[in-house]
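Please look over the sequence and the model first.

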Amino acid sequence: MSRKFPDNFMWGGAIAANQVEGAWNVDGKGLSVADMATYKPNVDNQDYAKHVNITSEFIDKARKDTSDKDYPKRRGIDFYHHYKEDLALFAEMGFKTLRLSIAWSRIFPTGEESEPNELGLQFYENVFKEMKRLNIEPIVTLSHYEMPLTLSNKYNGWVSRTVIDDFVRFSTACFNRYKDYVKYWLTFNEIDSIHRHPFTTAGIVNDKLTPGKEKQEIYQALHHQFVASAIVTKLCHEIIQGSQVGCMITKLTTYPLTPKPEDVEATLKKNLENYFYSDVQVFGEYPKLILSQLERQGIHIQMTEEELKVLKEHTVDFISFSYYMSMTESVDPDADRTPGNTIVGVKNPYLPATEWGWQIDPKGLKISLIELYDRYKKPLMIVENGMGAKDVVEDGQIHDPYRIKYFQEHFEQMWEAIEEGVDLFGYTSWGPIDLVSASTSQMSKRYGFIYVDQDDEGNGSLERMRKDSFYWYKGVIENNAID
Ligand code: BGP
């Protein structure tokens, strides 16, 4: 049976500047937190705790490595110089859209300049022009796990309100320059992940937080991001006619491990927390239960009347999210807890997992779509989904049936959700071309339909090769249907 997707369904892929571009010090680019956080594969950042709690000492060490000329391919697959080739491959697969991000530190190297860096602006303009020529609609994330390192050093990133103005200046420069090319914008990638890795998401250095006030300051930083997001949503609508702005959250649909009421209650609380981030951006206000929960923990976010007004008046047009796995909750302290990325949850006995412990749950995607649509009644877009796996090259070919199976099963659930009435207008797989993993900096954790010849240490020819899944995805897009 062939299952058709709606006409004009936006099929494509998603990448992030700091995971593909490389060229970290080219054409005036400043250092960004991403250049520090996961600066070298298989070294310090293998330790989750270090990844999450970045210290000043860690940054100093990373900064020294940054000046190491022997590490030219650092952080990426040199998309900066290969973008035409890569876009051509995406076009060959029939991509209708590509989600990509702009490196803030290419446009404002320290974040504090009054004028943008022309060479940085030009790079993305070239990319968008090429995409236009290939009929690939861009979806642009303004902040995907990075910001200028200077802002992190000086202000401890988003902890300071000052950064809102810097972000608004950066976003305005982007809107003005790219208004003829970009209609779809996302403000912050996985805004909820500030608690999981505050450095990459918000430039927060652990030892610069005030002792005893760590949580308070992280929530304050999050509030500043919410406000910045609302302000730039307003500006985007004003500057770019017909523009559409979305929020972007990590969808972590959570199931109770058992029907025991205590497990169900714990799950309910988890899900309230999960919805908090999109609630603020879609409904324009903080959920009362979350505020009360924070108050009970002694956390008082400072918010002005004016900020609350901006939040209320400038909500998003659509909801986008990443979906890699579902979560399971239990009050039993002995329940089996599996590490997955920087998220630790209870192991669901019904689900298989990837090599990195991420539990694969296609049905969870359908559940997520239904939950989100029922709650918000706004168009949805899946902007990240995929499976990290180790691929093997045999006689110049890459057979990846596991990846095809993963996507096929997720697409079936998307189709069912649409059939049941969910307004899902697009899908971008994560990492349509192999790129550097955010949590591990490994190259060998591959997501792509396109293989890139580069190992964990940055060695390799950077040659691009089509995997079996490349032809499979091309077929899906061509038919706008799955078999
Ligand atoms: C998301 C991030 C992406 C991406 C993805 C896969 O949370 O938005 O940047 O990296 O996870 O994660 P990883 O690269 O750690 O496998």
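Is arginine 75 buried or exposed? Arginine 75 is buried, as 27 other C-beta atoms lie within 10 Å (buried means 20 or more such atoms, exposed 12 or fewer, and partly exposed in between, with C-beta atoms placed from the backbone).

The model is predicted: local features need pLDDT of at least 70, side-chain atom pairs count only at pLDDT 80 or more, and totals for chains, interfaces and linings use all residues. Residues are numbered from 1 along each chain as its sequence is written.

**Arginine 75**
- Arginine 75 sits in the loop between helix 4 (56-66) and helix 5 (79-93); helices are DSSP runs of H or I with at least four residues, numbered from the N terminus.
- Not counting residues up to four places away in sequence, arginine 75 touches Asn18, Gly22, Trp24, Ala34, Asp35 and Val436 (contact means C-beta atoms, placed from the backbone, within 7 Å).
- Methionine 10 is 65 residues from arginine 75 in sequence and 28 Å from it in space, C-alpha to C-alpha.

**Helices 16 and 17**
- The axes of helix 16 (residues 401-419) and helix 17 (residues 468-479) come within 9 Å and cross at roughly 25°; axes are lines fitted to C-alpha atoms over the stretch in contact, and angles run from 0 to 180 degrees between N-to-C directions.
- Helix 16 and helix 17 are therefore roughly parallel (angles under 35 degrees).
- Arg403, Ile404 and Phe411 of helix 16 meet Asp468, Ser469, Trp472 and Val476 of helix 17.

**Ligand**
- The ligand is surrounded by 15 residues, the closest being Ala16, Gly388, Ser437, Ala438 and Ser439 (C-beta atom, placed from the backbone, within 6 Å).

Methods
Helix = DSSP H or I, 4+ residues; strand = E, 2+ residues; numbered from the N terminus. Parallel < 35°, antiparallel > 145°, perpendicular 65-115°, else oblique. Contact = placed C-beta atoms within 7 Å.
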